[in-house]
Amino acid sequence: MTVKSMDITTEAAEPVRKAYSEMTVLVVDATDIVRETVATMLRDMGFGQVLQAGNGEHALSMMLLKKVDLVLSEWQMPKMDGMELLAKMRADKKHSRTPFIMLSSIIEQAAVIQAIKSGVSEYVVKPFSAKILSERVLRAIEGPARSAAQKKAADSAKDEPLQQQPLRILVVDDVVDNIQVISEILRKDYKVGAATSGEKALKICAAEPQPDLVLLDVMMPEMNGFEVCKRLKADPHTQHITVIFLTALDQTMDIVRGFELGAVDYITKPVNPPVVKARVKTHAALIQSAKEMRNQIDTLQDSFRLKNDVEHILQHKIKGALSDLQMTLTALEQGADDAATVRINSSSIRLSCSDLTQQVEQLLVLTKQD
């Protein structure tokens, strides 16, 4: 199986990536390993300085000493949580417009809506990949004014049913016959790839498109399954990938060790087809559910932005243009006998009408997006 690595340095993204080196980012999370993982992802994106804080209070004290261009914060923290931090930032003129990305495992719709209404730039559900974080960071920095091409691409991705995108499963085993047996069991429902060594498996998992789930043999030469799993979970770019061990071992300690390294399940060999199907189906459903939830959260955020855009146009542009038009008409009535005044006011009315036409057209575009 050959997988090409995705080059994320496109011409469109290059100007933004160059700007990253001049930006300071603050990562706020009570857990050291989570903070460092997110910080590593951000450094890999090219950010010049990545600061870390253990809670909202610590974050605010750091922001008093250092200008911060982007904040990524966990919701649930001691002393001051992510929502409290967000509220204080939005209430402060200095930080009211600073992009704020909420990182959380909370997926209840009411909570997500609360965060959106409170002013988050993006809401990212844990666990997430480096690719997802990179996309959300770009959107948060750019704000709602994304290019037409980006918007069209995002809409196309959302419109495509998730059912038409079969999950990618990577089977890792040094015995080719074992790979063939498992592939035959699963290939009808999933897109199945293979690797005959731990080193090859790591390379495939690090490239795009990444597998959603890895069926990983424990006993392999050179690099066993435990080491492969350990490396996958230690790398910010691959730690989100679900791992199920394939093992002939029946010792409890080996099974426990697999769970401690981050695996979610195990399947004993020789494999039983109904068991393989059932175990994979259970975890595939969880993966699919997480994808659907992320899509729903993205839709909530886009809908809220759209509502704000429409209200802004109505309140600040169309209402203002109508007010100007009324004032001009009054002036026109009062100076109806002066030809020069009529020409000036008529020109002003034409400009107001042209402006109103543009705003109405923009509203029509927004409503079509909705």
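How many salt bridges does the count come to?

1. The count comes to 14 salt bridges, and it should be read with the reminder that this is a predicted model. Some of these pairs are taken up individually below.

2. Arg 43 forms a salt bridge with Glu 36, with 3.0 Å between the closest N and O atoms. Arg 43 is partly exposed, at a relative accessible area of 39%, and Glu 36 is likewise counted as partly exposed, at 35%.

3. Glu 122, in strand S5 (residues 122–125), and Arg 136, in helix H6 (residues 130–142), are 14 residues apart in sequence, so their pairing ties together separate parts of the chain. The closest N and O atoms of this salt bridge are 4.0 Å apart, and both Arg 136 and Glu 122 are buried.

4. Glu 122 also meets the side chain of Arg 139 in a salt bridge, at 2.8 Å from N to O. This pair again links strand S5 with helix H6, across 17 residues, and Arg 139 is buried, as is Glu 122. Through shared partners, salt bridges join Glu 122, Glu 135, Arg 136 and Arg 139 into one network.

5. Turning to the helices, H3 (residues 56–65) packs against H4 (residues 82–91) at an angle of about 30°, with the axes 9 Å apart. Because angles under 35 degrees count as roughly parallel, H3 is roughly parallel to H4, and the crossing is right-handed. Gly 56, Ala 59, Leu 60 and Met 63 of H3 make the contact with Leu 85, Lys 88 and Met 89 of H4; by class, these are five nonpolar residues, one polar and one charged.

How values were computed: Residues numbered from 1 in each chain as written. Predicted model: local features only at pLDDT ≥ 70, side-chain atom pairs only at ≥ 80, totals over all residues. Heavy atoms only, no water. Axes fitted to C-alpha atoms, helices over the stretch in contact; angles between N-to-C directions. Helix = DSSP H or I, 4+ residues; strand = E, 2+ residues; numbered from the N terminus. Parallel < 35°, antiparallel > 145°, perpendicular 65-115°, else oblique. Left-handed = near helix turned anticlockwise from the far one by under 90°. Contact = heavy atoms within 4.5 Å. Nonpolar A, V, L, I, M, F, W, Y, C, P; charged D, E, K, R; others polar. Buried < 20%, exposed > 50% of the residue type's maximum accessible area, 1.4 Å probe, protein only.
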